[in-house]
Amino acid sequence: MVVATPERPAVQVVEVPLNRIKVTTRLRGTDPQKVTDIAESVEGIGLLHSITVSKHGDWFHLLSGMHRLEAFRQLGRQTIPATIKDADPLIEELIEVEENLVSSRLSAIDEARFIVRWEEILTALGRRAKQGDNRWVRSGITNEELAKNRGMSKRSYQYTKSIANLHPEVQDLLNETDFANNKMDMVALAKETDEVQLEVARLLVTGKTTTFKRALTLARIKHHPFNWDEEKSRLREQIGKPFSVMKWNGDSSPLSQLCKLVKEDESCKVIKQEWGTQQSPLASQHPDHSAYFINYYSNEGDTIADVMSGRGTNLLVGAALGRKVVGYDLSPQNLEAVRSACLEHTDIDPADLVLHHSDGVTLKEYEGQEEIWDLVTFDPPYVLNAETYGNDERDLCHIKDLDAFNAKLEECLLNLKRLIKTSSFAKKEFHPIVIKVGSGRRGEMGLVDMATEVEIICRRIGMVLHDKVINVLDSQWGMFNVSRCIDHRYTVKVHETNLVFVKYSNS
């Protein structure tokens with residue numbers, strides 16, 4: 001868009017020495033490829049459009065034509081054709097802004113900045129339409145005309161301009177990244193609070209998340225005010241429905257949001273399968289599933305333990321529901337993410353949050369201790385090396401031999417039997433070990449039902465099976481196995497089994 005300026009005598013194009021031209025207050029750099037293209041054109045047919053400068057003593061200040069100027073420098077020329085205009089800071093800046101808006105490849109953030117400044121300059125020059133103007137009385141350029149000049153609808157223009165509402169630090173952090181090129185992502189971010197904007201920018205520039213959507217989800221959760229009293233009331237209703245087959249779903253509850261802080265953390269993410277651009281991460285236990293057993297078998301102030309905590313659903317839920325928690329995992333990244341989420345977003349006392357980067361089978365930190373935990377709930381790896389969680393050789397997920405796997409699980413259960421408190425059927429006091437297990441299959445070896453294997457182990461070591469609960473899965477991964485299941489005439493497994501074991505004084 002060319003904005004009219006007061007009429008002046010006809011201007012003359014003159015040759016101006018390149019070494020006397022100053023570039024003042026550039027709003028963005030040049031595009032090297034564009035400079036090269038212009039240089040090639042100049043060599044072939046000469047310069048079609050002169051640059052524009054204003055004279056300041058012995059120097060000339062560039063108003064427009066930065067790429068042309070750099071092209072002449074690249075060619076080694078000593079002078080360049082220039083049109084000299086009177087110095088006017090606003091006019092100079094307006095010419096520069098318009099040139100950038102029309103000619104340069106801008107990020108969404110830069111485009112918004114230029115549009116805002118463009119409007120400010122036009123207003124200062126008295127070129128903008130005023131409030132009260134109508135179709136018969138016009139004092140300047142309307143917003144609709146500004147949008148049309150940019151090749152946008154009025155709505156799209158307003159969306160673009162809204163990006164300038166991003167926190168200044170966020171603009172600086174993101175503007176040199178590819179994320180700044182996605183206009184609608186930047187529009188969405190501009191609607192968030194400063195705290196969320198800054199958190200998104202931090203996650204993206206540090207590489208802790210690789211997608212804008214994931215960063216926005218984590219940032220919203222982190223700065224979401226959790227109301228755990230309301231959440232406890234909601235969860236208490238589950239206890240009144242103790243069915244043997246249950247399904248937990250939904251991801252909008254406060255507990256789900258809390259667990260996403262770890263689940264969505266890039267440092268904790270483990271991908272099970274990839275196809276094309278799609279990924280299937282390892283599934284996580286539903287928070288309401290965890291909450292059901294924690295509420296059913298423990299009270300606020302009790303100590304619960306998860307000796308293979310992974311991304312910490314049981315620990316996070318326990319902390320949110322007022323329990324003291326003990327966690328074991330072989331991934332320091334998992335433990336640090338759990339610790340951070342618990343301390344930042346629940347009311348747990350730091351002294352009541354005990355996390356061990358250690359082996360949850362041997363439990364060496366509790367050697368010689370007995371009867372200290374009110375509830376143990378954990379989820380051992382699937383049998384037969386079905387999934388891999390990390391590189392630590394102590395992780396049961398690396399054991400391919402079924403007997404070796406069971407031997408390790410028996411060692412773990414013997415230690416847990418010593419550490420769990422004794423239950424009393426007569427007094428209706430129950431302190432169980434809850435183990436969630438699935439199944440595995442390997443060719444002619446057939447189906448290995450881990451529930452059966454664990455029941456045999458526990459009977460051998462004197463643990464009593466108190467209850468068994470089936471939870472129905474909603475797994476996208478299971479759907480990939482349908483054709484294989486049909487070919488081999490077995491069913492798709494869409495459930496897991498929760499075994500509830502207790503010890504009595506005579507066991």
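Which residue forms a salt bridge with Glu410? Arg460 does, the closest N and O atoms being 2.7 Å apart. Here a salt bridge is a side-chain nitrogen of Lys or Arg within 4 Å of a carboxyl oxygen of Asp or Glu.

## About the model

This is a predicted model, where local features need pLDDT of at least 70 and side-chain atom pairs 80 or more, while totals for chains, interfaces and linings use all residues. Residues are numbered from 1 along each chain as its sequence is written, and side-chain values use heavy atoms, with hydrogens and water left out.

## Salt bridges

Searching the whole structure turns up 21 salt bridges. One of them pairs Lys161 with Glu119 at 3.1 Å, N to O. That pair spans 42 residues, with Lys161 in helix 6 (residues 154–162) and Glu119 in helix 4 (residues 108–124). Helices are DSSP runs of H or I, at least four residues, numbered from the N terminus. Lys161 is buried at 19% relative accessible area, and Glu119 is buried at 8%. Buried means under 20%, exposed over 50% and partly exposed in between (1.4 Å probe, protein chains only).

## Helix 11

Now for helix 11 (residues 228–236), where Trp228, Glu231, Lys232 and Leu235 are buried. They sit on the same side of the helix, because they cover an arc of only 100° around the axis, taken from the directions from the axis to the C-beta atoms. Asp229 and Glu230 are exposed on the face turned away.

Glu231 also makes a salt bridge with Arg234 (2.8 Å, N to O). Glu231 is buried at 3% relative accessibility, whereas Arg234 is partly exposed at 30%.

Definitions and conventions. Helix = DSSP H or I, 4+ residues; strand = E, 2+ residues; numbered from the N terminus.
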